[in-house]
Amino acid sequence: MQRRLEALSSKKLDTLEPKATMAVLVADHSTGKVLASVGSAASMEDLNRKAFIDMTRAIRSPGSALKPLIYAMAFDLGLAHPETLINDAPVRFGNYSPSNFDGQFRGVLKVREALQMSLNIPVITLLERIGPERFMQRLQQSDVNPQLHGGKAELAVALGGVGLSLHDLVTLYAGLAQGGKAVELSVFQRAPKPHARFTSRAAAW
């Protein structure tokens, strides 16, 4: 698997812009064992792509990848469920006016549809009700280490306004697959340790 992923990522990298890089991390969510890891798809001589950086550990913006966790927390708090209707329309939170990636608005739709389309306004609306700091505390229960610019969580956390490593992101998604319990990743095969639950089994499902 390691050799195949190295070959696959190197082939894909050839189709990207000269300064782009990529990383791959594959883990068994039931045990936390890391099955393959490509820290950089480029050769070490490629200085344009910063091949010497292990991008599975580097702190980067997770983009929209935290949205499912925000929805899960909203489910746990009784603020919404998958069939709840939510409005995707222009909105302002103080000086912050979020918009969707395509600049369009869908109006009233179901929460599950908002997640499927990765819409920005519905998830920020729910995060505003949850509280960004409260959401960050929930993430930290999963043994991940989110990095906040200025040390304060803002609503933009929902859209990637937080630093997180690919390793931590895989940890969180492995936890979703395990019914909401954090999973410690390791290159060694060992029995999984019990970890704190960061979302309920029902919300993770």
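**Cavity and salt bridges**

A search of the whole structure, which is a predicted model, finds one cavity of 30 Å³ or more. The volume of the largest cavity is about 30 Å³. Its lining consists of Leu69, Met73, Phe135, Arg138, Leu139, Phe198 and Thr199. Two elements give two or more residues each to this lining: helix H2 (67-76) and helix H5 (132-140). The largest share, three residues, comes from H5. By residue class, the lining divides into five nonpolar, one polar and one charged.

Arg138, one of the lining residues, also takes part in a charged pair. Its side chain meets that of aspartate 76 in a salt bridge, at 3.7 Å from N to O. Because arginine 138 lies in helix H5 and aspartate 76 in helix H2, the pair ties together parts that are 62 residues apart in sequence. Aspartate 76 is partly exposed, at a relative accessible area of 31%.

Over the whole structure, the search finds five salt bridges. Which residues are linked in a network of salt bridges? Glu83, Lys110 and Arg112 are. Lysine 110 is in strand E4 (residues 107-110), while glutamate 83 is in the loop between H2 and strand E3 (85-88), 27 residues apart. Arginine 112 forms a salt bridge with glutamate 83 too, with the closest N and O atoms 2.7 Å apart. That pair links helix H3 (residues 111-116), which holds arginine 112, to the loop with glutamate 83, 29 residues apart. Relative accessible area is 37% for glutamate 83, 27% for lysine 110 and 32% for arginine 112. Glutamate 83 counts as partly exposed, as do lysine 110 and arginine 112.

Conventions:
Residues numbered from 1 in each chain as written. Predicted model: local features only at pLDDT ≥ 70, side-chain atom pairs only at ≥ 80, totals over all residues. Heavy atoms only, no water. 1 Å grid on protein atoms, 1.4 Å probe; cavity = no way out; pocket = protein on both sides within 12 Å on 5 of 7 lines; lining within 4 Å. Points joined across faces, edges and corners; volume = space filled by probe spheres on them. Helix = DSSP H or I, 4+ residues; strand = E, 2+ residues; numbered from the N terminus. Nonpolar A, V, L, I, M, F, W, Y, C, P; charged D, E, K, R; others polar. Salt bridge = Lys/Arg side-chain N within 4 Å of Asp/Glu carboxyl O. Buried < 20%, exposed > 50% of the residue type's maximum accessible area, 1.4 Å probe, protein only.
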